[in-house]
Amino acid sequence: MAIDYADKKPKGKPKGKKPGRKPASRGSSKARQAQLARARQRRTLVALLLFIAAFIAFLLWLRSSGEPSGPDAPFLLQEEQESSEVEAVEVPAQSTLEDLPQAPQERWRYIEELENHEVEVIVPERAESARRLMQCGSFRRENDAQTLRASIAMNGFESQVRRTESAEHGIWFRVILGPFENLRSAQSVNNQLRRGGIHGCQIWLWNLD
């Protein structure tokens, strides 16, 4: 009996789904993530505690290395404290009167200025009730006095020329106005003469009677 090897197909397993692992459920994956997170937190906490312990040990080492050790350590510390206190105390320098600078001599100039200073005091009108005269010029020649008198007349005021003679000063011709009843009236006339170009008039008490 002949056998057809061409049509013969190898026997195999039936087609179907390949066997495999079942997909993990969502609950198991979340639990695994939570375990990993807790492990990371524990590692971080352990590292932080180790760092703090190392830092404290380093500070203690620095403190122990700076202090003297041995049986003489308390005495050395006491000597260092006493030496620092002695350096902190400053001995004041002894100063005498000879070392002090001399005080500057002050020269008050205002005393000399007040001796030669003239102060013009304006007295109230009630205290100046005496009559006044106003002298606008004093000349050696009578013609000069008459010329000034004419200028005063041009400004609308009457004046007079008075001849005075003394052994010390000789003969003078004075151009005067007045008498005025008070100081205010004399000052009013003087201001008008200034506006007219006549300056240098002086107001005195009337002493010609």
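Predicted model: local features only at pLDDT ≥ 70, side-chain atom pairs only at ≥ 80, totals over all residues.

Residues are numbered from 1 along each chain as its sequence is written, and side-chain values use heavy atoms, with hydrogens and water left out.

Along the sequence the pattern reads α-α-α-β-α-β-β-α-β, giving five helices and four strands. Helices (H or I, at least four residues) and strands (E, at least two) are DSSP runs numbered from the N terminus. Of the 209 residues, 13% are buried, meaning under 20% relative accessible area with a 1.4 Å probe and protein chains only; exposed is over 50%, and partly exposed lies in between.

Inside, the largest nonpolar core has 15 residues, and Met134, Cys136, Ile152, Leu177, Val189 and Leu193 are those with the most contacts within it. Two or more residues each come from β1 (132–139), α4 (142–154), β3 (170–180) and α5 (183–195), with β3 giving the most, four. Such a core joins buried Ala, Val, Leu, Ile, Met, Phe, Trp, Tyr and Cys residues through side-chain atoms within 4.5 Å.

Now to the surface. Arg42 sits in helix α1 (residues 26–66) and counts as exposed because its relative accessibility is 53%. Leu48 also belongs to helix α1; at 49% relative accessibility, this leucine counts as partly exposed.
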